[in-house]
Amino acid sequence: MPLDFSSSRRSTIGVEWELQLVDQDSNDLRQSADAVIARAVLPDGSPHGRIHREMLLNTVEFVSGAHNTVAECMHDLLETAAFLRPVTNELRIDLAAAGTHPFAMPTLQRVTDSQRYADLVERTQYWGRQMLLYGVHVHVGVEARTKVLPIASALATWIGHLQAISASSPVWAGIDTGYASNRAMVFQQLPTAGIPRHFDHWEELEAYTADMIHTGVINSFDEVRWDIRPSPKWGTLENRVFDAASNILEVGAFAALTHCLVELYSREIDADHVLPRLPDWFIAENKWRSARYGLDAELIVDARGTQEDARQGVERLLHLLAPVARDLGCVEELASVEEILRCGAAYDRQRYVAAHATQDPLDSVVEFMRAEMRADRPLDPRIFVAQLAMARGEGEPHQESRGARRA
């Protein structure tokens, strides 16, 4: 069946950020998306176009417009957050974000009243009811359909690195899973999620789509939820690897990484260079390793099986992308990746708070997520734990907490 790819200007960018609705008093999730969105109206009474529903009623999604720069997208997201805060404050709700909520129980969450989501849960049963997950999705415009699949395959060689730097979901239903990104492990249980399938020609993707529709797996291509996928409707390549970032600085960093990678490989095609590829089994292994170990993972970087430390790989990637970032106007946002490397990825920061808070460790993690959302940047978890102890009237934190290493 034909799968039309819409025209799109090269390297335009749009960002989607899934956010949790957190009760200000209990730190648990609130099933209040309908109430929030009903109140999120513009002065003329029309709905706010950048605030969307998602699968669960504890979630809202912010979407930017299609822009030329990451900074413009971040402006949209910040403006939307500022617009919505009076609404959520009136309901005693805070916005927060991470790949998962530390202690909310998946089976207690309510699904948005939509036939699409009802069908998903009916078909996938237990795993469909576990989708208490949040991500950042980045769309980048691709001007020619012939470029889409080669660029997607090249991006897939970096899935492990991108997942490692963004991992923010170590705790699931009150338990530290031992994984940096438990979101990645849960989400791939859906039949069309996980690492992307490789196709050399667009016609092969069309045949795959036709087979999936004919056999009842999907109703349309947008139900294919690969980590990296074409988005034919928008004329973009969509990167869905990232766990949800807990602050705007990290959202900008993840957007800049994607923006620069797509443009880099578009230039490589223009220069008639062969783009990098990895066998599917190495991509799958990298996804598992980065989900398990985060930035401490050893990742496979070529078809010969060469391996490198994820941190070193991210640093190598930053060097590779620096000239492209200058051209795209996202040098500052790309440099934010270095700040994440310095202060620790979100999974590491969360674990520090849970380990050193003197009471209610997972409640403290949610407080930390809320604080990072307000600060618009990663926070030093050592300082946060000390301030939280003082706010709770506990005095100075104990010596182990003061002397512990930085996350």
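Reply: Helices (H or I, at least four residues) and strands (E, at least two) are DSSP runs numbered from the N terminus. This is a predicted model, with local features needing pLDDT of at least 70, side-chain atom pairs counting only at pLDDT 80 or more, and totals for chains, interfaces and linings using all residues. Residues are numbered from 1 along each chain as its sequence is written, and side-chain values use heavy atoms, with hydrogens and water left out.

Let's start with H12 (residues 346-356) and H14 (residues 381-391), whose axes come within 9 Å and cross at roughly 35°. On the H12 side, Arg349, Tyr352, Val353 and His356 do the touching (heavy atoms within 4.5 Å). They meet Pro381, Arg382, Phe384 and Val385 of H14. Sorted by class, that contact has 5 nonpolar residues, 1 polar and 2 charged (Ala, Val, Leu, Ile, Met, Phe, Trp, Tyr, Cys and Pro count as nonpolar, Asp, Glu, Lys and Arg as charged, the others, Gly among them, as polar).

Next up are H5 (residues 159-166) and H9 (residues 280-293), with axes that come within 8 Å and cross at roughly 15°. H5 brings Ile159, Gly160, Gln163 and Ala164 to the contact, while H9 brings Ile283, Asn286, Lys287, Ser290 and Ala291.

A cavity is a set of points on a 1 Å grid over the protein atoms alone where a 1.4 Å probe fits but cannot get out; lining residues have an atom within 4 Å of a point. The count comes to 1 cavity of 30 Å³ or more, and the largest cavity holds about 40 Å³. By class, you get 3 nonpolar residues, no polar ones and 4 charged.

Arg240 takes us on to the largest pocket, where this residue is among those nearest the centre, along with Glu16, His139, Arg229 and Glu238. A pocket is an open set with protein on both sides within 12 Å along at least five of seven lines. This one has about 1,300 Å³ of space and a lining of 50 residues. H6 turns up again among the elements that give two or more residues to it, as do strands E2 (51-53), E3 (59-63), E5 (136-141), E10 (228-231) and E11 (236-239), and helix H3 (115-128). Strand E1 (13-23) gives the most, with 5 residues. The lining splits into 20 nonpolar, 15 polar and 15 charged residues.

The second largest pocket holds about 330 Å³. Its lining runs to 18 residues, with Thr146, Leu149, Pro150, Phe199 and Asp200 closest to the centre. Two helices give two or more residues each, namely H4 (145-156) and H7 (202-214). H4 has the largest share, 6 residues. By class, this lining has 9 nonpolar, 5 polar and 4 charged residues.

Technical notes
Axes fitted to C-alpha atoms, helices over the stretch in contact; angles between N-to-C directions. Points joined across faces, edges and corners; volume = space filled by probe spheres on them.
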